[in-house]
Amino acid sequence: MHAMLSHDIGGPETLKLTELPDPQPKDKEVIVRVHAAGVNFPDTLMIRDLYQMKPPRPFAPGGEIAGEIASIGKDVTGFAVGDRVLALTGYGGFATHLAVEPARLVKIPDDMPYDEAACFIFTYGTSYHALKDRAHLREGESLLILGAAGGVGAAAIELGKAAGARVIAAVSSEEKAAFCKSIGADDALIYPRDMDRDAQKAFSAEIKKIAGPDGVNVVYDAVGGAYAEPAVRALAWEGRFLVVGFPAGIPKLPLNLTLLKGCQVVGVFWGASTMRDPKGHMQNVSDLFGLYAAGKIKPRISARFPLAQAADALVMMQDRKVMGKVVVTME
């Protein structure tokens with residue numbers, strides 16, 4: 001087998017394509033022949049030791065895979081060699097073969113391509129948990145998405161529309177705005193790369209101009225940094241501000257705003273929720289497969305890289321150039 005390994009703390013350039021012995025399944029494991037691995041922002045943090053999960057080195061990044069079961073260990077039930085599956089692995093996915101616990105596997109429909117399956121659960125799972133379980137988004141409400149052209153943002157656009165919301169996509173370029181409108185956003189606005197105080201005030205005013213003077217009902221913040229406060233200022237009464245990610249830095253919010261607006265600041269830790277509420281997670285997965293079958297959601301893959309070029313995929317992700325999803329393929 002081959003894997004793209006992180007031997008030392010650092011950026012994508014530190015990864016090395018390495019040949020390893022083929023793995024053999026332990027008693028309660030299966031070996032998945034990986035066909036594709038989704039690329040997500042945590043991958044760029046993990047190799048720098050900046051993520052909450054710090055695997056022992058050497059390790060392969062890649063927390064989301066799809067492939068077929070190549071072999072099965074003793075005491076494994078419910079799966080067979082040849083089953084088409086996806087898995088949330090945390091890390092290890094940038095490899096041709098991977099040992100996985102059966103509890104992490106989900107069988108995928110026969111008509112779902114491996115590259116789409118490898119981009120499915122992390123982004124749609126995060127955004128569905130955020131909008132359904134945490135924000136309780138209702139039909140007719142307005143939804144502002146910061147970082148809307150990225151993986152979780154694009155998923156939130158589709159899921160927001162499926163829920164009957166009016167979706168406003170906030171992005172950093174005209175190209176990204178056009179992409180968001182092409183996948184269903186009702187409106188799009190462009191924020192500057194450098195958000196000083198004047199820019200914050202202008203951004204908040206622009207949100208209200210589009211959403212109406214009462215503001216937006218739900219903000220999905222996958223950006224953080226200086227973009228968070230103006231979005232909170234644009235919330236409607238009893239609005240919900242979803243804390244999803246911080247690629248622009250961890251924001252500091254004046255809490256008097258929560259009092260004045262009667263609003264909620266709600267954390268979205270999807271990974272922990274899947275472990276604390278596995279039944280709820282599996283129901284959400286079932287819902288998502290139903291939405292996929294109905295054509296309401298579909299992973300938007302903008303770039304594919306072979307395993308040997310996985311570092312290039314991570315550079316694209318860390319530089320915030322991704323629209324939709326990026327995939328590493330093993331073929």
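Does Glu141 count as buried or exposed, and why? At 7% relative accessibility, Glu141 counts as buried, because buried means under 20% relative accessible area. The views below come from a predicted model.

**View 1. Glu141 and its surroundings.** Glu141 sits in the loop between helix 3 (121-134) and strand 8 (142-146). The Glu141 side chain makes a polar contact with the side chain of Arg240, at 2.8 Å. Arg240 is also on the list of residues that Glu141 touches.

**View 2. Strand 8 beside strand 9.** Strand 8 pairs with strand 9 (residues 166-171) in the parallel sense. Five bridges join the two strands. Ser142 stands opposite Arg166 in strand 9.

**View 3. The largest nonpolar core.** This core holds 55 residues. Those with the most contacts inside the core are Phe120, Leu143, Ile157, Cys180, Tyr220 and Leu242. Helix 4 (residues 151-162) supplies the largest share of the core, six residues. In soluble globular proteins, nonpolar side chains tend to be buried together.

**View 4. Cys180 in close-up.** Which residues does Cys180 touch, not counting residues up to four places away in sequence? They are Ala148, Ala149, Ile157, Ala169, Val171 and Ala185. Ile157 and Cys180 are both among the residues with the most contacts inside the largest core. A second, separate core has 37 residues, including Val30, Tyr51, Ala60 and Ala313.

**View 5. The antiparallel pairs.** Strand 3 (residues 30-39) and strand 4 (residues 64-72) pair in the antiparallel sense. Seven bridges link strand 3 with strand 4. The bridge partner of Val30 in strand 4 is Ile72. Val30 also belongs to the second core. Strand 4 pairs with strand 5 (residues 84-88) as well, in the antiparallel sense over five bridges. Here the bridge partner of Glu68, in strand 5, is Arg84.

**View 6. The whole chain for orientation.** The chain has eleven helices and 15 strands. Its radius of gyration is 20 Å, close to the 20 Å that the globule rule gives for 331 residues, so the chain is as compact as a globular protein of that length. The C-alpha atoms fill a box of roughly 60 × 40 × 35 Å along the principal axes. Buried residues make up 55% of the 331 residues. Of the contacts with a separation of 6 or more, 67% join residues 24 or more positions apart.

Terms used:
Residues numbered from 1 in each chain as written. Predicted model: local features only at pLDDT ≥ 70, side-chain atom pairs only at ≥ 80, totals over all residues. Heavy atoms only, no water. Core = buried A, V, L, I, M, F, W, Y, C linked by side-chain atoms within 4.5 Å. Buried < 20%, exposed > 50% of the residue type's maximum accessible area, 1.4 Å probe, protein only. Helix = DSSP H or I, 4+ residues; strand = E, 2+ residues; numbered from the N terminus. Contact = heavy atoms within 4.5 Å. Polar contact = N/O pair within 3.5 Å; in protein donor to acceptor, adjacent residues only side chain to side chain. Pairing = 2+ DSSP bridges. Rg over C-alpha atoms; globule rule 2.2 N^0.38 Å.
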